[in-house]
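Try each task before you read its solution.

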Amino acid sequence: MARAIENQSYMIAANRVGTDDGVPFCGTSMIIDPYGITIASACKDREELIQAEILEDAVKSVRSQMEVFAHRRPDVYR
């Protein structure tokens with residue numbers, strides 16, 4: 001959630017589920033919107049397909065309200 005907020009973009013996190021050679025995997029893949037709200041998530045104990053609508057307007061909205069990119073210093077990292 002923090003990565004979606006700080007990057008002001010959707011975050012899609014895919015993860016394995018089940019066990020492989022005795023190593024457990026936690027599942028819980030998810031899609032998070034630019035505000036940090038989980039809009040789709042998978043179970044932790046079975047394979048599952050998740051999907052969500054990605055809206056460009058949501059990205060534009062959050063970026064207009066929190067203008068972190070306005071304070072960039074390109075002269076420092078060119």
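Predicted model: local features only at pLDDT ≥ 70, side-chain atom pairs only at ≥ 80, totals over all residues.

Residues are numbered from 1 along each chain as its sequence is written, and side-chain values use heavy atoms, with hydrogens and water left out.

**Exercise 1.** Work out the strand order of the open sheet and find its edge strands.

*Solution.* Start with the terms: strands (E, at least two residues) and helices (H or I, at least four) are DSSP runs numbered from the N terminus, and two strands pair if DSSP finds at least two bridges between them. The open sheet has three strands in the order E1-E4-E5, with antiparallel pairing. Its edges are strand E1 (11-13) and strand E5 (38-41), each of which pairs on one side only. Next, look at E1 and strand E4 (residues 30-32): three bridges join this antiparallel pair. Ala13, for instance, has Met30 in E4 as its bridge partner.

**Exercise 2.** Locate Gln8 and Asp21, and decide for each whether the residue is buried or exposed.

*Solution.* Take Gln8 first: this residue lies in the loop between helix H1 (2-7) and E1. Gln8 is not a glycine, yet has a positive phi of about 50°. Its relative accessible area is 1%, so Gln8 is buried (buried means under 20%, exposed over 50%, partly exposed in between, with a 1.4 Å probe and protein chains only).

Now turn to Asp21, in the loop between strand E2 (17-20) and strand E3 (23-26). Asp21 also has a positive phi, about 55°, although it is not a glycine. With a relative accessible area of 79%, Asp21 is exposed.
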